[in-house]
Amino acid sequence: FPAPSKGPGIFAYIRNMYRVKKFVQTSSRPPVSSVASSRSDCKNEDSGNRFISFSVIETKKIEENAFKTGSRFGPTLYFIACCSHIIHTINKQQNNAGDLWLPVPYDGRLKSAIGPMVSNCVSFIFYRIPQSVLTDIYQTISCLSAQMKEQIRDKMPQKYNLFLNMMRHVPLWLYYLLISRTGKGVFASFLYTSTGDHFNEQHSLFGNPVRNIQMIPALTFPPGLTFVFLKHANALKIDIAYSPDIINENDLHLIEIKLREILLADY
């Protein structure tokens, strides 16, 4: 293994902290619409899960739709756009429509390593989606793509990781206060994550066949709604983790219908 690289000095940490803080504050500036905005008084800590599965043929069409609509770096931006349109529909029903803001995990692990590597190289890319582009899937993906390219070009994921390294030395209550005050209480409009193709070829574990994989995330409140996209055996699966105080059965039914409708649309 190479010798440990020398970390940045304290002044570099502080300078980076202010840059990242300014970027996040600008990106998440009010007004931002969240699924939890109109129900901020809920106390229920229970959580539920709804699983949606697609066939191999349907998954292939979804991936083709992603490419057709402009998601050139895999289907992730297409998935985010579809979820954003659905959340926008729910917010409109609650007279709470507006811009959306969400942090999306960004995997910065180096590829081609021999053998397993245990590390935490996951950072975030932050997306602000104006209400004006939430009526057309092409415009939404174009908006997301421009922000992703700009942040990667500016090395924002690496800067945010450096920021997190510094914040590890800050008490948790102060960290949460800083984060929540940044968005004036709006942590995110909703949460999204994807495992990509990491589990697609996972056919066995310890010599036993694997027939089904589900990713069940810990529910984060706010906002109280998380979409997890996972591909296994060339078939797409979606896990929706939700708080019953935020998303009721009617909302869940609408989400499932709209997800299938938008993902499998003819573009």
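1. Accessible areas in this note come from the Shrake-Rupley method with a 1.4 Å probe. By that method, the protein exposes about 15,300 Å², and carbon and sulfur atoms supply 57% of this area. The model under review is a predicted one.

2. As regards overall composition, the protein has 267 residues, of which 40% count as buried. Its secondary structure consists of seven helices and eight strands. Among contacts in the protein with a separation of 6 or more, 74% are accounted for by residues 24 or more positions apart.

3. One feature to examine is an open sheet of four strands, in which the order is β1-β8-β7-β4 and the pairing is mixed.

4. The pairing of β4 deserves a separate point. In general, strands of a sheet pair through backbone hydrogen bonds, in either a parallel or an antiparallel manner. Here, β4 pairs with strand β7 (residues 225-232) in the parallel sense, over four bridges. Within this region, T193 stands opposite V228 in β7.

5. Which strands does helix α3 lie across? Helix α3, formed by residues 76-93, lies across β4, β7 and β8 (235-242). The direction of helix α3 is at about 145° to β7.

Terms used:
Residues numbered from 1 in each chain as written. Predicted model: local features only at pLDDT ≥ 70, side-chain atom pairs only at ≥ 80, totals over all residues. Heavy atoms only, no water. Helix = DSSP H or I, 4+ residues; strand = E, 2+ residues; numbered from the N terminus. Buried < 20%, exposed > 50% of the residue type's maximum accessible area, 1.4 Å probe, protein only. Contact = heavy atoms within 4.5 Å. Pairing = 2+ DSSP bridges. Axes fitted to C-alpha atoms, helices over the stretch in contact; angles between N-to-C directions.
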